[in-house]
Number of protein chains: 2
Amino acid sequence: MVSKAIPDIVVGRLPLYLRALSFLAAEGRQVTSSQELGQKLGISAAQIRKDLSHFGEFGKQGTGYDIKYLSEQLRRILKVTEEHEVALVGAGDLGHALVHYDGFAGKGFRISVVFDNNPQKIGRRLGTFEILDSESIETIIADRGIEVAIVAVPPNAAQEVVDALVRAGVKAILNYAPITVKVPEGVQVQYIDPVIHLQRMAYYL
Amino acid sequence: MVSKAIPDIVVGRLPLYLRALSFLAAEGRQVTSSQELGQKLGISAAQIRKDLSHFGEFGKQGTGYDIKYLSEQLRRILKVTEEHEVALVGAGDLGHALVHYDGFAGKGFRISVVFDNNPQKIGRRLGTFEILDSESIETIIADRGIEVAIVAVPPNAAQEVVDALVRAGVKAILNYAPITVKVPEGVQVQYIDPVIHLQRMAYYL
């Protein structure tokens, strides 16, 4: 159960395992194996067993993994047993899609505040949210202690937004803008980029 | 230059290398190294050299990689030197965001047709596109020989859309709906799922 020095690439696979387990659970399944998970994910069974072994013993030789138990343990390891509040910056088409996205429920995240810098949007509603002025990012996010943010603004505004989020105390940023942003040490950024996925598939066409 | 049996995980990293190179090129840089790329990507320099060695010799010991040349070679390997037409299914918020997305330009993909099943949307415009009836997916995509599609529909409609795309001859599908879809052998699916990225970062919070 020692959690030091887990390679980041191992951490990066845990959400994939958790998602595969939740699909199996949704099919009514109760037990799975590293072989089955591996086939679903295109990862070797040995790799999966090795990854999980960093965190403890989750399966029994010959009987496999209890899906509910392993899911709970992965959620605990990933710190998503409770919901993190998420600040969304950008109330455009993508912001609308994210506010209405079905996929966050029960996965550890909940959009709880929405910002935009467009005077025509500020004060209007997006779903259940009132769109707040991006000028207030620092005060509102800091007040509420929000650590996670999603950036869904045009590329030329992304760095400025990220800077404000960092000053507000945000530690994890999911960036949809197709540019790399600079952040200080201790702040994480992940990118959502459809091109990466499309190019990977193009290789096989 | 033998291209058989390249591990899929290696193929999956090539778009990341290409993106990092394009960011460096945008900064006016002409030469880089496996060390620098590795630092930007959180991948070891040795891994990058090993990945690239599957495809040939791209750098010189001591002088590093010519950014323009390596980018061209990666584009050639990934088959994105010319643009693939992409069919977009789903003209909701996400579909709007994708049609207006800045990130596809010059990356090998161009949305060229948009479908939706909502009678109130069919026949209307989305950007420069007329939204077409999802009922016509099979005929139109097959006629035009489109091999790549993006699915941006609600989860309960995703499998049906994917089935139609597969019948139309689509070989590569990028799925934004938060469910796994079934496809026959020979058809690739990649998923865009913000939860995977958020959970990975939550581990470090």
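Predicted model: local features only at pLDDT ≥ 70, side-chain atom pairs only at ≥ 80, totals over all residues.
A residue is called buried here if 20 or more other C-beta atoms lie within 10 Å of its own, exposed if 12 or fewer do, and partly exposed in between, with the C-beta atoms placed from the backbone. By that rule, 41% of the 205 residues of chain A count as buried. Residues are numbered from 1 along each chain as its sequence is written, and chains are lettered from A and ligands numbered from 1 in the order in which they are written.

Let me begin with chain A, whose C-alpha trace spans about 60 × 45 × 35 Å along its principal axes. Chain A has eight helices and 11 strands; these are DSSP runs, H or I over at least four residues for helices and E over at least two for strands, numbered from the N terminus. Helix α1 (residues 8-26) and helix α2 (residues 34-41) of chain A pack with their axes 10 Å apart and at an angle of about 105 degrees, the axes being lines fitted to C-alpha atoms, for helices over the stretch in contact, and angles running from 0 to 180 degrees between N-to-C directions. The contact brings L16(A), Y17(A) and A20(A) of α1(A) against L37(A), K40(A) and L41(A) of α2(A), where contact means C-beta atoms, placed from the backbone, within 7 Å.

Turning to chain B, six strands form an open sheet in the order β8-β5-β4-β9-β10-β11, and the pairing is parallel; two strands pair if DSSP finds at least two bridges between them. The edges are held by β8 (132-133) and β11 (188-191) of chain B, each with a single partner strand, so one side of each is left without a neighbour in the sheet. Strands β4 (residues 84-89) and β9 (residues 148-151) of chain B pair over four bridges, and L88(B) has I150(B) as its bridge partner in β9(B).

Is G90(B) buried or exposed? G90(B) is buried, because 28 other C-beta atoms lie within 10 Å. Leaving out residues up to four places away in sequence, G90(B) touches G95(B), D116(B), V151(B), A152(B) and V153(B). V151(B), for its part, has contacts beyond four places in sequence that include V89(B), A158(B), V161(B) and I173(B).

V151(B) also belongs to the largest nonpolar core, where, of 121 residues, V151(A), V170(A), V151(B) and V170(B) touch the most other members; such a core is a set of buried Ala, Val, Leu, Ile, Met, Phe, Trp, Tyr and Cys residues joined through C-beta atoms within 7 Å. The element that gives the most to this core is α1(A), with eight residues.

Finally, the two chains meet through 49 residues from chain A and 50 residues from chain B. On the side of chain A that touches chain B, α8(A) gives the most, with nine residues.
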